[in-house]
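Me: I would like to learn how to read helix features in a model. Could you walk me through a few?

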Amino acid sequence: MRKLVTIFYFVLIVNFMFAQNSDTKIIDSLKLELRKSKIDTAKVNLLNELSRNNFYSDPMEGMRYGEIALNLASKIQWKKGMAIANDHIGICYWVTANHPKSILYFQNSLSNYQDLKDQAGTANAYNHLASLHLGIKKYKQAFVYFNEAYKIDRLTSNKTQMANDLTGIADVFFKLNNYTKAIEFYLKAKELYFTVDNFYGVGVSYINIGKAYSSKKEYSDGLVNYNKALDNLNKIEGTKYDIGNAYLEMGKAYYNLALEDKRTKTKNLNLSLKYSNKAINTFTEIKTFDKINDCNLELYKTYKETGNYKLALEYFEKHLKIKETFLNYENNIKLGELKTKREFELRDKKIEIQNLQIKSETSKVYLLT
C-alpha cells in the first residue's frame with residue numbers, strides 16, 4: 001500500500017537496531033556498484049536506490065543522494081530519473097517533518113510523471129501528496145489528491161491501488177468524524193481487496209470498519225468486524241502488528257461495553273483484559289513500543305474499573321515511563337532538526353556573503369577603471 005509514516009520517533013530506533021547490519025551491507029554494495037558504473041542512467045538509478053535505502057535510517061544522507069541523482073538526471077534530461085529523485089527527496093523531507101519542502105518535491109515528481117504520461121507514477125505522486133496532507137490535517141486537499149489517484153487507477157484497472165485510494169478517502173471521512181461515510185468507503189475498499197485475494201487488505205479494512213463502528217459507539221458491530229479481521233490476517237505471515245491492533249481494539253470495545261451495561265460489566269471487563277493482554281504480548285514480541293504503551297493505558301483503565309488498584313498503578317507507571325522516553329526522544333529529534341536547519345542556514349549565509357564580497361570587489365574594479 002502507498003502509505004508512509006510521518007515521524008516514527010522511538011519505534012524507528014528500535015527497528016533500525018535490528019535491521020542496521022543488513023541495511024549497511026545493501027548501502028555498501030550500492031556504493032561499490034556506483035563507483036564501477038560508467039553509464040549516466042545507471043548512475044542515476046544507483047543514486048536513487050541509495051536515497052531510498054536511507055529514507056529512515058539517515059534521511060539527510062538520503063536527500064544528498066537524491067539531489068545528486070536529480071542533478072545528473074536533469075543534466076542528461078532523463079525525466080524518469082528526475083521523477084524518482086524528486087519523489088525520494090520528498091520522502092526524506094517528509095520523514096524529517098519538513099512538510100513544505102516535501103510537498104514541493106512531490107509536486108515536482110507529479111509534474112515529471114505527467115510530462116511522461118506515466119499513469120502509475122502520476123497516481124503514486126498523487127497518493128504521496130494525499131497521505132502527507134492527511135497527516136498534517138489538510139483533509140480537503142487530501143481528499144482531492146486521493147480522488148485524483150483513484151481516477152487514474154480506475155482507468156488502468158489497478159484494483160489493489162483503487163482499494164488503497166478508497167481507503168485513503170475513507171481515512172479522510174474518519175478524521176472528519178463522518179463515520180458512516182468512512183464505513184461506506186472502507187467497505188468498497190474491502191470488496192476490491194477481496195476480488196484480488198488480498199487478504200491483508202481485507203483484514204485491515206475490517207479493522208478500519210470496526211474502529212468506525214466503535215467511534216459511533218456501536219461496539220458490538222465493531223467486535224464483529226475485528227473478529228473478521230483476525231480470520232483474514234491469520235491466513236498470512238507478517239501481520240502481527242495488525243493482529244495486535246485488532247486485539248487492542250477488541251479490548252477497548254469490551255471496556256466500553258462494560259461501562260454501558262452493568263449487568264455484563266464483570267464479564268466484559270474480563271474480556272477486555274484478555275484481549276488487551278493478547279495485544280501487549282503481540283506488540284512486545286515485535287517490539288512496537290508506541291503500541292505497547294497504548295496497551296498499558298488500556299490495562300490501567302480496565303484494572304482500575306475492576307477495583308484492582310495495585311495492578312492499575314503498575315500499568316500507569318509503565319505508561320508514564322514509556323511516554324517520558326518518547327518525549328525525550330522527540331525533543332532530541334527536534335534539537336537535531338534545529339541543528340540541521342541552522343547548518344543549512346549558516347551555509348546559505350556564507351554563500352550569500354561570499355557573493356556579496358565578489359560583487360563588492362567587482363564594483364571597486366569597475367569604479368577604478
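Predicted model: local features only at pLDDT ≥ 70, side-chain atom pairs only at ≥ 80, totals over all residues.

Me: How many residues does H4 have, and what is its reach?

Reply: Helices here are DSSP runs (H or I, at least four residues), numbered from the N terminus. H4 covers residues 79-95, 17 residues in total, and spans 24 Å from first C-alpha to last, close to the 24 Å expected at 1.5 Å a residue (1.5 Å times one less than the number of residues).

Me: How many residues of H4 are buried?

Reply: Buried means under 20% relative accessible area, with exposed over 50% and partly exposed in between (1.4 Å probe, protein chains only). In H4, 14 of the 17 residues are buried, so the helix is largely enclosed by the rest of the structure.

Me: How should I read the packing of H9 and H10?

Reply: Two packed helices are described by the angle between their axes and the distance between the axes. Axes are lines fitted to C-alpha atoms, for helices over the stretch in contact, and angles run from 0 to 180 degrees between N-to-C directions. H9 (residues 179-195) and H10 pack at about 165°, with axes 9 Å apart. That makes H9 roughly antiparallel to H10 (angles over 145 degrees; under 35 is roughly parallel, 65 to 115 roughly perpendicular, the rest oblique).

Me: Where does Ser205 sit, and which residues does it touch?

Reply: Ser205 is in H10, residues 199-215. With contact meaning heavy atoms within 4.5 Å, Ser205 touches Tyr186, Ala189, Lys190 and Tyr193, leaving aside residues up to four places away in sequence. Ser205 counts as buried, at 2% relative accessibility.

Me: What about H10 and H11: at what angle do they pack?

Reply: H10 and H11 (residues 219-233) pack at about 165°, with their axes 8 Å apart. H10 and H11 are therefore roughly antiparallel to each other.

Me: Is Ser131 buried or exposed?

Reply: Ser131, in helix H6 (residues 119-135), is buried, with a relative accessible area of 12%. Ser131 and Gly168 are 37 residues apart in sequence and 7.4 Å apart in space, C-alpha to C-alpha.

Note on methods: Residues numbered from 1 in each chain as written. Heavy atoms only, no water. Helix = DSSP H or I, 4+ residues; strand = E, 2+ residues; numbered from the N terminus.
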